[in-house]
Amino acid sequence: MSMLEVKDLHTSFFTPSGEVKAINGLSFSLDKGKVLGIVGESGSGKSVTAYSILQILTSPGRIVSGSIKLHGDELVGKSEEEMRKIRGNKISIIFQDPMTSLNPTFTIGNQLREAILLHTDRNREQAEARAIEMLQLVGISEPEKRIHQYAYELSGGMRQRVMIAMALACEPDILIADEPTTALDVTIQAQILELMLQLQKELGMAIIMITHDMGVIASICDEVIVMYAGGVCERGTTDAIFYHPMHEYTRGLMRSIPDMSDDDKTRLVPITGTPIDLLHMPPGCPFAPRCDVAMKICLQEKPKEYWVGRDHLSACWMNVKEGTCFTERPEGEEAEA
Amino acid sequence: MTFTPNPEYLVQVSHLKQYFPVNTGFLRTTLLKAVDDVSFDIRKGETLGLVGESGCGKTTVGRTMLHLYHPTGGEIWFDGKKIEGKETLREYRRRAQMVFQDPYSSLNPRMTVADIVAEPIDVHNLCPNKKAREDRVRELMSLVGLNTEHATRYAHEFSGGQRQRIGIARALASEPEFIVCDEPVSALDVSIQAQVINMLEDLQRQLELTYLFIAHDISVVKHISSRIAVMYLGHMMELAPANELTRHPLHPYTVSLMSAVPIPDPRESRKQQRIVLQGDVPSPLKVPSGCPFRTRCDRATAACAESCPAMREAAPGHFVACHNV
């Protein structure tokens, strides 16, 4: 059994102008010690997925249906009090912007201690010792001095390290990283990614890495989910997604990123059109209006997820037409096209 | 110091300095050296990429070049003329334009698209009558792939990619020869990014434009630029043809910068030898003596603390500022 299992999740925001279906039937599972990447454009539902798992959605958003199971234990429908025991303890999150996710009026140490005191039976002194230990773990120099400092006294990379220390203080089973390096420079990004991988190995937790950067996905993820308009386009192992993309959207994404190893400046092939308006979802495949090879059926009926390899699923009618997909999980090596 | 313009170059920047006074205490100010002694030239019709981490002064270079800030020191030459005095500046401002990073805050929410695009036309009196102005706005909008029927709409009715197109149309309105593009695609999604990059390339060919392309995304800069300049803490570290700089960087900072760029290819990524820099960028108020990079450099020697290395040509067309290369 997988550690985290999400089945047919639907999350909507009920705005005055109508229901915005931010997540539209999302299913995936996450095993212990794995790094799962969720990639997609803004508005594809990446962050809402994270917020749904932790149930930190703000009104008017709520989970409409579906199931989220942690170690077989259903999270949907749990009371706020029960969820508080899970947040920061079993599942932790690091937010995109380390500038705004730390409280400017409390010291770093104060904020680190808060999570430790809440979830463990350590006393104040032990919690302080643990806070110092965590800061050391994430590579912050002079942690005894740092715990008395405020967020504004630290650089962006340092603040993100503090956020990671805070998220890991209670040794969670799952760490959700919501664009943890987007606000950082590349050299600092490299430091943070390296640190996350090293801690993941040391502590044996699973990571859900939410990002829009294919480079970040390629460098740290084992598995990838490609999202578009609140649904899964394609999911599979990182190699399968990068080397055998089966969904037209994934293929389009790959074509539109400039290739560093290309010295001839080959013209980019962009995806035409603009992202979909979630208030007015078409009946068929949400990507169909921007897809170059869309067929009649794509506009009429939403494609289901089919197996296209041993560890690879795709929801594209093109796979059905070309006969490159299976309804059952294929066995054997030859299945990987 | 005398400076002689070279007709081969459209824009020449020589020993540009831009200092900002910062309040650091009661009645005390410190000079923040955002750009310190930077020199480079841009050929007619080429794209010079400018990369560096946040706070390195790349945006300040772009803004100072257009005299949006009055330079503290140094000279800017455009098309064989030194930019000084009201008359040359007025002419220069028509021929040199800027595209801003944030398509949300750089468009006035109270103006219609037509008025935004036509503002440079009005400022420089480029259209004799209303009809000509209207036609020109339509022409500009279709040039950047916007629906001309949307001319009476307001900026908030458009998506990020479309807003950036409006910003580009505005920059093109005064028929410039030189455009400073300050992170024009960083706020956009990858699929939209490619659309805007292709459009900028098409416009360059069509209108014979010269670009200074400022960005922190090295793969984007490599794709669009013919040469790339690397900045760190207000100083220029390296300048070389785009392929040369990304393949064979010489400066230790550029080497680590290139190795930190995540490659969107899992197999290549596993092979990648990352040089992870230790520590953070020092505060621009307290730039280290000598070479600004020496505090994070693994090849730093005593000489690096004493004097700031000058730019020199290490290979034909490849300039680097380092004592140890």
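These are my notebook entries on a two-chain predicted model.

**Ground rules.** I number residues from 1 along each chain as its sequence is written, and chains are lettered from A in the order in which they are written. Since the model is predicted, local features need pLDDT of at least 70 and side-chain atom pairs count only at pLDDT 80 or more, while totals for chains, interfaces and linings use all residues.

**Chain A.** I looked up the secondary structure and found 12 helices and 12 strands (DSSP runs numbered from the N terminus: H or I of at least four residues for helices, E of at least two for strands). Next came the radius of gyration, taken over C-alpha atoms. Chain A has 21 Å, close to the 20 Å that the globule rule gives for 337 residues, so it is as compact as a globular protein of that length. That rule is 2.2 Å times the number of residues to the power 0.38. I noted that 48% of the 337 residues are buried, meaning 20 or more other C-beta atoms, placed from the backbone, lie within 10 Å of a residue's own.

**Chain B.** Here I found 11 helices and 12 strands.

I then followed L212(B). Leaving aside neighbours within four places in sequence, its contacts (C-beta atoms within 7 Å) include I42(B), L48(B), M65(B) and C181(B).

**A helix pair in chain B.** I looked at α5 (residues 160-172) and α6 (residues 190-207) of chain B, which pack at about 20° with their axes 10 Å apart. The axes are lines fitted to C-alpha atoms over the stretch in contact, and angles run from 0 to 180 degrees between N-to-C directions. That makes α5(B) roughly parallel to α6(B), a label for angles under 35 degrees. G160(B), G161(B) and Q164(B) of α5(B) meet I192(B), Q195(B) and V196(B) of α6(B).

**Where the chains meet.** I found 35 residues of chain A in contact with 32 residues of chain B. On the chain A side, α7(A) gives the most, with 6 residues.

How values were computed: Buried ≥ 20, exposed ≤ 12 C-beta atoms within 10 Å, placed from the backbone. Contact = placed C-beta atoms within 7 Å. Parallel < 35°, antiparallel > 145°, perpendicular 65-115°, else oblique.
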